Number of protein chains: 2
Amino acid sequence: MSIMTLRLDAFIPYRLSVASNAVSTRISASYRKRFGLKVPEWRLIAILAEASEMTPQMLGSATGIDKISVSRAAAALIERGLIAARDNPEDGRSHLLALTTDGRALYAEIAPAALAMEAELLAGFSVEDRACLDALLRRIEAAAGADSS
Amino acid sequence: MSIMTLRLDAFIPYRLSVASNAVSTRISASYRKRFGLKVPEWRLIAILAEASEMTPQMLGSATGIDKISVSRAAAALIERGLIAARDNPEDGRSHLLALTTDGRALYAEIAPAALAMEAELLAGFSVEDRACLDALLRRIEAAAGADSS
DNA sequence: CAGATATAGTTTCATTTGCAACTATATGGA
DNA sequence: TCCATATAGTTGCAAATGAAACTATATCTG
């Protein structure tokens, strides 16, 4: 008995998409303008700043970026001297990527800017609001990730 | 004193993007495979099913799709005979779009499927969870929409 | 009413993205 | 060990996207 009608405005996938696009447009414009970075490039830097050395594959799973985009983003970052690659002693097909000194310096500039943007975005959110949003997003992500039919 | 460090995993814009991509990938694949529709096309149909006739401009603001994509999506739908255009008596530059009988029939198929996917995605969400998510997404969207510097 | 300016929508072109094919290395079985 | 198959990463090509130019109509100003 699904008499329930569909209203796009109240449709959660739609709300999610609209919110994500709004945020992403805003933030990616800022990365781009201020640091010349695209989103995947920025994500690689953020992850490499937390962990030391990683293979493209590990970066892909840590950032949710597919291997093609990781490859392209890494190439761009190497070109700019922000990350460096060395052979992976454990697997000749792969290599290990790490931030260079320049990369670290750039990260030191971006990280506070990113946190500031996030803070601006979440202005007025209580700690609970924030935790709730985080948890709900993870649940949805998990539900969407698992496939059924 | 922002000693706080950045962790991508806990960064809300990142969580939002990952969740939205997961959902959008899942759902858009389904629209595409089952009905041959891209996301903007599906959105135009959903909005036109709620309201009767609309101009491309109105559709754009109702769906959050830019005018170029509205134009292309509308062209594809007209081509398929799912919507029809007539001159706008109030403005010769514009026209009015509405679902055809075929369009309505397709909508009658898609709407339940869309609601089912949403239900699957939100399985385990209480009514409160859902309302909370909706509200938080709208707040973020508003914060991201308004520009500051 | 004529000319200037603004707006609706489309089209063209450059950029971005994603898939599929490719290269190189690794692994597992005869 | 040698061959078959699998996996890491890259590249080339085709489709999707977005910005800027364009056409047509509307509105505003003198």
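Two residues are in contact here if their C-beta atoms, placed from the backbone, lie within 7 Å. Helices (H or I, at least four residues) and strands (E, at least two) are DSSP runs, numbered from the N terminus.

The model is predicted: local features need pLDDT of at least 70, side-chain atom pairs count only at pLDDT 80 or more, and totals for chains, interfaces and linings use all residues. Residues are numbered from 1 along each chain as its sequence is written, while chains are lettered from A and ligands numbered from 1 in the order in which they are written.

**Relation of the two protein chains**

The contact takes 46 residues from chain B and 46 residues from chain A. On the chain B side, the elements that give two or more residues are helix H1 (12–35), helix H2 (39–50), helix H5 (101–121) and helix H6 (127–145) of chain B. H1(B) gives the most, with 13 residues. By class, the side of chain B that touches chain A divides into 28 nonpolar, seven polar and 11 charged residues. In this division Ala, Val, Leu, Ile, Met, Phe, Trp, Tyr, Cys and Pro count as nonpolar, Asp, Glu, Lys and Arg as charged, and the others, Gly among them, as polar. Because 100% of the interface residues of chain B are also interface residues in chain A, the copies meet through the same surface.

**Residues at the chain contact**

A residue is buried if 20 or more other C-beta atoms lie within 10 Å of its own, exposed if 12 or fewer, and partly exposed in between, with C-beta atoms placed from the backbone. B:Leu16 is in helix H1 of chain B and counts as buried, with 25 C-beta neighbours inside 10 Å. Leaving aside its neighbours within four places in sequence, B:Leu16 is in contact with A:Ala19, A:Ser20, A:Val23 and A:Leu137. Within chain B, the C-alpha atoms of B:Leu16 and B:Leu137 are separated by 9.3 Å, although the two are 121 residues apart along the chain.

A:Leu133 lies in helix H6 (residues 127–145) of chain A. A:Leu133 is buried, with 23 other C-beta atoms within 10 Å. Apart from neighbours within four places in sequence, A:Leu133 is in contact with B:Ile12 and B:Leu136.

A nonpolar core is a set of buried Ala, Val, Leu, Ile, Met, Phe, Trp, Tyr and Cys residues joined through C-beta atoms within 7 Å. The largest such core has 81 residues, of which A:Ile45, A:Leu48 and B:Ile45 touch the most other members. H1(A) gives the most to this core, with nine residues. Leaving aside neighbours within four places in sequence, A:Ile45 is in contact with A:Leu82, A:Leu99, A:Gly103, A:Leu106 and A:Tyr107.

The expected span of a helix is 1.5 Å times one less than its number of residues. For the 24 residues of helix H1 (residues 12–35) of chain A, at 1.5 Å a residue, this should be 34 Å, and the end C-alpha atoms are 33 Å apart, which agrees. Just after H1(A), A:Gly36 takes a positive phi of about 70 degrees.

H5(A) has 21 residues and reaches 30 Å from its first C-alpha to its last, close to the 30 Å expected at 1.5 Å a residue. The buried residues of H5(A) are A:Gly103, A:Leu106, A:Tyr107, A:Ile110, A:Ala114 and A:Leu121. Their cover includes H1, helix H2 (39–50), strand S1 (83–87) and strand S2 (95–99) of chain A together with H6 of chain B. A:Leu115, which lies in helix H5 (residues 101–121) of chain A, is partly exposed, with 15 other C-beta atoms within 10 Å.

**Surfaces near the DNA strands**

A residue is near a molecule or strand if its C-beta atom, placed from the backbone, lies within 6 Å of it.

| DNA strand | Residues around it | Closest residues |
|---|---|---|
| DNA strand C | 16 residues | A:Gly92, B:Thr55, B:Gln57, B:Ser71 and B:Ser94 |
| DNA strand D | 16 residues | A:Thr55, A:Gln57, A:Ser71, A:Ser94 and B:Gly92 |

For DNA strand D, helix H3 (56–63) and helix H4 (67–79) of chain A together with helix H4 (67–79) of chain B give two or more residues to the surface. H4(A) provides the largest share of the surface near DNA strand D, four residues. The largest share of the surface near DNA strand C, four residues, comes from H4(B). By class, the surface near DNA strand C has four nonpolar, seven polar and five charged residues.
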